[in-house]
Amino acid sequence: VDPSNQTATHVFTQAEKVKSDIESFTLAKELHNKLNEFRVSNPTSDKLIERLHKLYESYAHNVTKIVGRFDLHLAVDLVFRSPLSFYFGKEYVHKGWADVAIVGDTRCGKGYVAEGLAKYFNVGEVVSAENSTMAGLVGGLQQFGSKHWTITWGKIPLNDCGLVVIDEAGNLSEQEWGKLSRVRSEGVAEIVKIQTQLTNARTRLIWLANSKMNKIIAIYSYGIQAIVDLVKAPEDIARFDYVLIVSHDEVSAEDINMVQFKSNILYDKSLEHLLIMWTWSRTAKQIVFDEDAIEYIYRLSIKLSKMYDFSIPLIQGENVRVKLAKIAICFAARFYNAIDNGNILKVEKMHVECAVFFLSLIYKKESSGYLAYSQINKS
């Protein structure tokens, strides 16, 4: 007991870390057979996309209650499939976890889809940037008594190796986005004040935001310009793996107000949870690309870097290959494309084709206009 204020001091001489769900995950033969349910027979990229259309239609009616937004469901779902790190050929990619933004008009279902899928898969945490400070997201100092200070970590480092959905991200200032740079690029949270401490923050992030100044997406000449209003610094924009723009006029009122009928859910939620645990437990050496996939990614990287303009740095020649590889891994993981009795996640050319389909879907559509914007700028 401290004689000055009668507070008790406990001294710990030994500690043992509790294993997380990911660290304790083991792939038994029975589970491997169950996860084979996610496979598609004689798969091609067209068949995989067709299966996803059916899956998200089912989830729209039974889980999220947001109909007519295939791209929104897919953009959220892919984040759950991203790995911590991987090897792309001989290149080691430290930041394998996804970091994406979904920006658009209010009441488009951004929060419903993200929260609904997180709850259904039973992974991840949802927080609101409107009611959070930087200390709440990353960490800060907390005082006990008159002399003692301790560091309390925020939601992002507390969910290391997990996933966080950050709603109302439009409330973050330009300075706050800058303070998040190291967390987003290196997966490290650091506090340098009276005490200095750092910890891992390798957290998959989904940023949900309305456009700045309560503008509607239709006001912009090209909807993709909304991300420049939201995140000012080009280097902070470049850290997003992809940005989805959603507009209220993309889905008709008739579709929104259609009678909610129950359709069959393709996969049980407990099995969906196990598939995510399997993906998150794969180490860098347990994710392999076949030679055709690697060659195809390099060819596409050159093509895409010529198609899109650098002024909005979402697709750049310097790192688009990594973004393509990461999205391709997500597609391969979604369909349990495993070899060696489930120990190895294999990425094939068809998964790269799915990745290109997805980027074309979100960047060519009218509400985004990223491709049209790029063509005008380049000309």
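Which side chain meets Asp241 in a salt bridge? The partner is Lys326, with N and O 2.9 Å apart. A salt bridge here is a side-chain nitrogen of Lys or Arg within 4 Å of a carboxyl oxygen of Asp or Glu. The pair links distant parts of the chain, 85 residues apart. Asp241 sits in the loop between α10 (234-238) and β11 (242-246), whereas Lys326 belongs to helix α14 (residues 320-334). Helices (H or I, at least four residues) and strands (E, at least two) are DSSP runs, numbered from the N terminus. Asp241 is buried at 6% relative accessibility. Lys326 is buried at 4%. Buried means under 20% relative accessible area, exposed over 50%, and partly exposed in between (1.4 Å probe, protein chains only).

The model is predicted: local features need pLDDT of at least 70, side-chain atom pairs count only at pLDDT 80 or more, and totals for chains, interfaces and linings use all residues. Residues are numbered from 1 along each chain as its sequence is written, and side-chain values use heavy atoms, with hydrogens and water left out.

A search of the whole structure finds 15 salt bridges. One of them joins Arg81 to Glu272, the closest N and O atoms being 3.6 Å apart.

Arg202 is partly exposed, at 22% relative accessible area. Asp160 is partly exposed at 25%. Salt bridges also link Arg69, Asp71, Glu250 and Lys365 in a network.

Backbone geometry was examined next. Most residues other than glycine have a negative phi. Asn42 has a positive phi, near 45°, and is not a glycine. Asn42 lies in the loop between α1 (29-35) and α2 (45-64). Its relative accessible area is 61%, so Asn42 counts as exposed. Tyr336, likewise not a glycine, has a positive phi of about 50°. Tyr336 is found in the loop between α14 and β13 (338-339). Tyr336 is buried, with 0% relative accessibility.
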